[in-house]
Amino acid sequence: MFAALTNCLASAGAEAVAVTSLAGHFCINEFKALSSLPVIDAIYALNAYFRERGLHKLGLLGNQSRDEISLIRGHRFSRTDSPGEYPL
């Protein structure tokens with residue numbers, strides 16, 4: 001599905017495509033291999049941003065599901081928290 005949508009974006013003049021949805025990363029490696037455009041990986045970019053700044057704990061805001069939070073935790077952050085984990 002992503003590959004077909006990327007082809008449409010390329011036809012419209014896009015020079016790259018960004019996967020910004022955390023849920024969209026379930027197949028990121030396969031998508032990168034098939035994509036007709038360079039793929040900007042949001043999780044990779046976030047990891048680089050935090051690594052460059054020496055940050056090790058990420059607070060998550062938004063509608064992240066448990067699966068999405070687990071996906072981020074599977075990457076290089078030493079700890080991630082979402083507001084739902086703490087009572088207000």
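Trainee: Which residues of helix 3 are buried?
Mentor: In helix 3, which spans residues 42-52, Ala42, Ile43, Asn47, Ala48 and Phe50 are buried, where buried means under 20% relative accessible area, exposed means over 50%, and partly exposed lies in between, with a 1.4 Å probe and protein chains only. Helices are DSSP runs of H or I with at least four residues, strands are runs of E with at least two, and both are numbered from the N terminus. This is a predicted model, in which local features need pLDDT of at least 70 and side-chain atom pairs count only at pLDDT 80 or more, while totals for chains, interfaces and linings use all residues. Residues are numbered from 1 along each chain as its sequence is written, and side-chain values use heavy atoms, with hydrogens and water left out.

Trainee: And what follows helix 3?
Mentor: Glycine 54 follows helix 3, and its phi is positive, near 70°.

Trainee: Switching topic, how many helices and strands are there in the protein chain?
Mentor: The protein chain has four helices and four strands, and read along the sequence they follow the pattern α-β-α-β-α-β-α-β. Of its 88 residues, 30% count as buried.

Trainee: Which residues make up the largest nonpolar core?
Mentor: That core consists of five residues, namely Val17, Val19, Ile28, Phe31 and Leu37; a nonpolar core is a set of buried Ala, Val, Leu, Ile, Met, Phe, Trp, Tyr and Cys residues joined through side-chain atoms within 4.5 Å. Strand 1 (17-19) and helix 2 (28-34) are the elements that give two or more residues to this core.

Trainee: What does valine 19 touch?
Mentor: Not counting residues up to four places away in sequence, valine 19 touches Gly24, His25, Ile28, Phe31, Val39, Ile40, Asp41 and Ala42, a contact being heavy atoms within 4.5 Å.

Trainee: Threonine 6, then: buried or exposed?
Mentor: Threonine 6 counts as buried because its relative accessibility is 2%. This residue is found in helix 1 (residues 2-11), and, leaving aside neighbours within four places in sequence, threonine 6 is in contact with Val17, Phe31, Ser35, Ser36 and Leu37.

Trainee: How many disulfides does the structure hold?
Mentor: The structure holds zero disulfides, a disulfide being a pair of cysteine sulfur atoms within 2.5 Å.

Trainee: And how accessible are cysteine 8 and cysteine 27?
Mentor: Cysteine 8 is exposed, with a relative accessible area of 54%, whereas cysteine 27 counts as buried at 17% relative accessibility.
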